[in-house]
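Please look over the sequence and the model below, and then read the briefing that follows, which is grouped by topic.

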Amino acid sequence: MNQVPLFSSARELANLVLSSNLIDCALTKILELKRDQTALPVQYRLYQLSSKCTIVAFVSSPDCTQYPLPGQGDLDRSPLFDFLRTEEYPSVSINRAALTLFTPLHDHLSGLTDELTQIEGQLIITGHSLGGSVASLFTLRLLDGNLLKPKCRPFCITFGSPLIGDFGLQHSIWNSFFLHVVSNQDPVPGLFLPSGRSPPTSSHSQTTGYKPFGTYLLCSELGCACFDNPDLILGLLKVISSEVAGGLQDVDYGEILRNLKERAICKGLPQVGERFADPFSAGIIMELETIGFNQTKLLQHNIDINAMIRTMEAETRRLIQKNKPSDAKKLNDIKRDMAQLEWYKKKSEMGYYDCFKNQGSKRDLNVEQFRGNLTMYWEDMVAQVQRKPQEEGATFRTRWLYAGTVYRRMVEPLDIAAFYREGGTDYINNGRSLHYKLLQQWYEEDVKPPSRDKLDSKKQKVSGILTEDSLFWAHVEEAILSCELLKSENCTLEQGKSSWDNLVKFEEYVMEQINNYAASPEIFLRESSFMKWWGLYEGYIDTCSNSHGSPLINFMKKRSYMKYG
């Protein structure tokens with residue numbers, strides 16, 4: 001069976017990027033900030049171009065790259081970026097020079113972050129040289145915190161910025177939010193790679209761990225091309241770093257971009273030999289020659305372009321294959337696992353939350369497998385959304401929002417049950433997975449408060465619903481802990497007041513769920529954790545002759561829940 005031919009579109013993508021005004025706007029503000037530059041190692045400024053576009057620019061002192069201190073090329077771990085760690089890459093290291101500039105600014109930048117949370121529209125974070133490294137680190141912090149408004153995801157554009165991280169950073173989920181513009185006459189992007197330009201006391205082992213992340217727009221006097229293959233980018237940066245003559249001169253990126261826009265980029269390129277007759281190989285070779293890297297030069301630097309093209313083609317085909325029939329198979333498997341959980345829910349006499357928490361039968365243990373499969377699938381789906389550009393991600397989210405919400409309401413209670421069964425406390429802050437938080441956030445951005453007609457409809461269907469707030473059982477467990485603390489002889493006055501306040505808030509929360517027909521009737525089953533809480537709470541109130549009254553207490557004492565659903 002013949003394989004579908006592949007094509008490389010690196011030049012077309014580069015031309016598309018150049019034709020937008022984002023790069024021009026970003027570079028204009030960098031140059032504007034440079035004109036006002038002081039002796040500080042790094043400076044930044046916020047520019048409000050319009051209600052729809054905001055730019056934050058960073059520049060560094062030329063001394064930072066002209067005269068790097070010993071060890072500035074080393075890779076260090078920093079607690080500020082521990083959020084980048086994953087199970088596959090439990091250690092993430094960042095360039096020491098970038099950390100040295102960013103860390104003292106971190107607290108000061110919190111004020112800028114607060115300001116950015118109020119803006120609407122497009123947000124561009126940009127920087128030149130090591131200022132671009134600081135811009136990248138600031139963008140990562142913004143992306144991690146989910147602090148900005150939903151339609152205001154930051155996009156980072158750097159010019160002549162050195163590599164800043166290792167494998168862990170390269171495999172972060174935010175690669176699509178970074179564009180790095182690099183001239184083939186600028187050695188700074190490869191400054192900390194092992195070469196004659198590396199800071200003299202940096203050990204080879206410390207500097208060989210650098211890996212590019214994001215997309216690179218590589219430019220020459222002949223043209224430009226976009227690449228995101230990290231091995232190819234790394235090889236090209238090494239060539240640039242070793243070949244550019246003279247010292248670290250400031251490259252005029254404004255002139256480079258103007259020239260590229262003026263020339264007909266696709267004309268006058270060298271012809272590709274017959275041995276690269278297939279379109280994918282031919283495209284890669286032409287794109288490399290466009291930015292000044294012919295095959296002879298690459299071979300001089302021990303870069304086997306044939307081997308690299310084969311690797312890139314295999315990876316491209318693997319991704320195409322991965323996204324074809326396997327998605328349908330995965331979806332069928334997920335539907336099967338959800339159906340198994342639905343069946344488990346219907347067969348659970350004390351409620352499926354408490355059945356799973358108590359682990360009283362083999363059937364309860366089997367649910368672990370379904371729960372694990374579903375969680376792996378949806379963690380991957382959420383990660384895919386975060387990797388996509390903003391508009392594409394929003395469309396993707398809308399398409400999967402209903403299924404993701406059903407999954408969250410069905411499976412997160414099982415996670416909560418396991419968390420408290422193992423002795424955990426405060427699940428919301430100490431145990432909740434990021435993918436649940438994002439699924440809930442996206443749902444709340446999309447959903448509208450129910451009207452009176454919808455409430456009537458929900459009342460009729462409440463007997464078969466899943467409890468809408470997937471955190472309901474976490475609130476119940478914390479309320480149980482508060483009751484137990486109040487009854488404890490070791491409870492201090494301060495603890496007692498705090499526990500009581502939490503219980504009053506919990507009452508209000510539960511009554512709101514009931515009034516909105518958002519809670520499943522199974523919470524009122526005789527052996528459920530909610531009814532356990534009620535028994536503790538009612539006993540405490542009666543024992544203390546507490547005159548406290550509330551709509552929920554009246555609801556429970558009158559057994560109105562018998563008519564609910």
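**Briefing on the predicted model**

The protein exposes about 28,000 Å², of which carbon and sulfur atoms supply 51%; accessible areas come from the Shrake-Rupley method with a 1.4 Å probe, and for residues only the protein chains shown count as cover. This is a predicted model, in which local features need pLDDT of at least 70 and side-chain atom pairs count only at pLDDT 80 or more, while totals for chains, interfaces and linings use all residues. Residues are numbered from 1 along each chain as its sequence is written, and side-chain values use heavy atoms, with hydrogens and water left out.

**Overall build**

- The secondary structure comes to 24 helices and nine strands, where helices (H or I, at least four residues) and strands (E, at least two) are DSSP runs numbered from the N terminus.
- Among contacts between residues at least 6 apart in sequence, 75% join residues at least 24 apart, a contact being heavy atoms within 4.5 Å.

**Aromatic pairs**

- Rings of Phe, Tyr and Trp (its six-membered ring) pair if their centres lie within 6.5 Å, and planes under 30 degrees apart count as stacked, over 60 as edge-to-face and the rest as tilted; by this rule the count comes to 29 aromatic pairs.
- Phe81 and Phe102 form a tilted pair, with 5.7 Å centre to centre and 50 degrees between the planes.
- This pair links distant parts of the chain, since Phe81 is in the loop between strand S3 (75-76) and strand S4 (94-95), and Phe102, 21 residues apart from it, is in helix H4 (residues 96-102).
- Both Phe81 and Phe102 are buried.
- Trp533 and Tyr537 form a stacked pair, with 4.9 Å centre to centre and 20 degrees between the planes.
- Because Trp533 and Tyr537 are four residues apart in helix H23 (residues 529-543), they are separated by about one helical turn.

**Charges over rings**

- Arg409 lies over the face of Tyr443, at 5.1 Å from the ring centre, under the rule that NZ of Lys or CZ of Arg is within 6 Å of the ring centre and within 35 degrees of the ring normal.
- Arg421 lies over the face of Phe356, at 5.3 Å from the ring centre.

**Positive phi**

- Ser129, which is not a glycine, has a positive phi of about 55 degrees, and Ser129 is found in the loop between strand S5 (122-128) and helix H6 (130-145).

Technical notes: Buried < 20%, exposed > 50% of the residue type's maximum accessible area, 1.4 Å probe, protein only.
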